[in-house]
Amino acid sequence: MRELVDHRLRTRPADYNRLFGDLLALAGQYHWSACLGDFADDFYAVSCPACEAEVTIAVGDYGCYAAIRDWDRGDIERRSLRPAPAEELRDPGRWMHATAWRDGQQRLAEGIRYVFGRAECPACASVFNIAEAHTTANPPPALETY
């Protein structure tokens, strides 16, 4: 099934992002399959590993930044994200980026570089790995046994 979906992605179908998510799930990347967007206007909530401040990560047409979200004022104290250089990505980011790039999905490939890059916390100025913070903040639901 994984090979069939991967082959279909190479044809650059209109529903590429959905199929990309399916391929991630088939590869065992359930976390990223469930949360990865199209990077038109995506936001990820994470906690700063150093000070535990709630940080909003934005990746999309409106910018790529870390911010503190204020109910009345929107995203404040913005800090530009630091995308991971493609050659320094580690799996699963490397595989995700290579697949999207291979298929001519530059927006998706660039978004992956940001999500697997680094952010500066607007509250304490510590720099952290976005993907690790997001994975920590969003663990998979516990499997129930019957």
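Trainee: How many cavities of 30 Å³ or more does the structure hold?
Mentor: There is 1 cavity of 30 Å³ or more here. Bear in mind that this is a predicted model.

Trainee: And how much space lies in the largest cavity?
Mentor: About 30 Å³.

Trainee: Which elements give two or more residues to the lining?
Mentor: Those are β1 (41-47), β2 (54-60) and β3 (63-70). The lining residues include D41, D42 and F43, along with A58, V59 and G60, and also G63 and Y65.

Trainee: What does that lining have by class?
Mentor: By class, you get 5 nonpolar, 2 polar and 3 charged residues.

Trainee: Which residue in β4 does R69 stand opposite?
Mentor: R69 has D75 across from it in β4.

Trainee: Okay, new topic: D103. Where does D103 lie?
Mentor: Look at the loop between α4 (93-102) and α5 (106-115); D103 sits there.

Trainee: Is D103 buried or exposed?
Mentor: Buried, because its relative accessibility is 1% and the cut-off for buried is under 20%.

Trainee: So what does D103 touch, leaving out residues up to four places away in sequence?
Mentor: With those left out, D103 touches L9, R10, R12 and Y16.

Key:
Residues are numbered from 1 along each chain as its sequence is written. This is a predicted model: local features need pLDDT of at least 70, side-chain atom pairs count only at pLDDT 80 or more; totals for chains, interfaces and linings use all residues. Side-chain values use heavy atoms; hydrogens and water are left out. Helices (H or I, at least four residues) and strands (E, at least two) are DSSP runs, numbered from the N terminus. Buried means under 20% relative accessible area, exposed over 50%, partly exposed in between (1.4 Å probe, protein chains only). Contact means heavy atoms within 4.5 Å. On a 1 Å grid over the protein atoms alone, a cavity is a set of points where a 1.4 Å probe fits but cannot get out, and a pocket is an open set with protein on both sides within 12 Å along at least five of seven lines; lining residues have an atom within 4 Å of a point. Grid points are joined across faces, edges and corners, and a volume is the space filled by probe spheres set on the points. Ala, Val, Leu, Ile, Met, Phe, Trp, Tyr, Cys and Pro count as nonpolar, Asp, Glu, Lys and Arg as charged, and the others, Gly among them, as polar. Two strands pair if DSSP finds at least two bridges between them.
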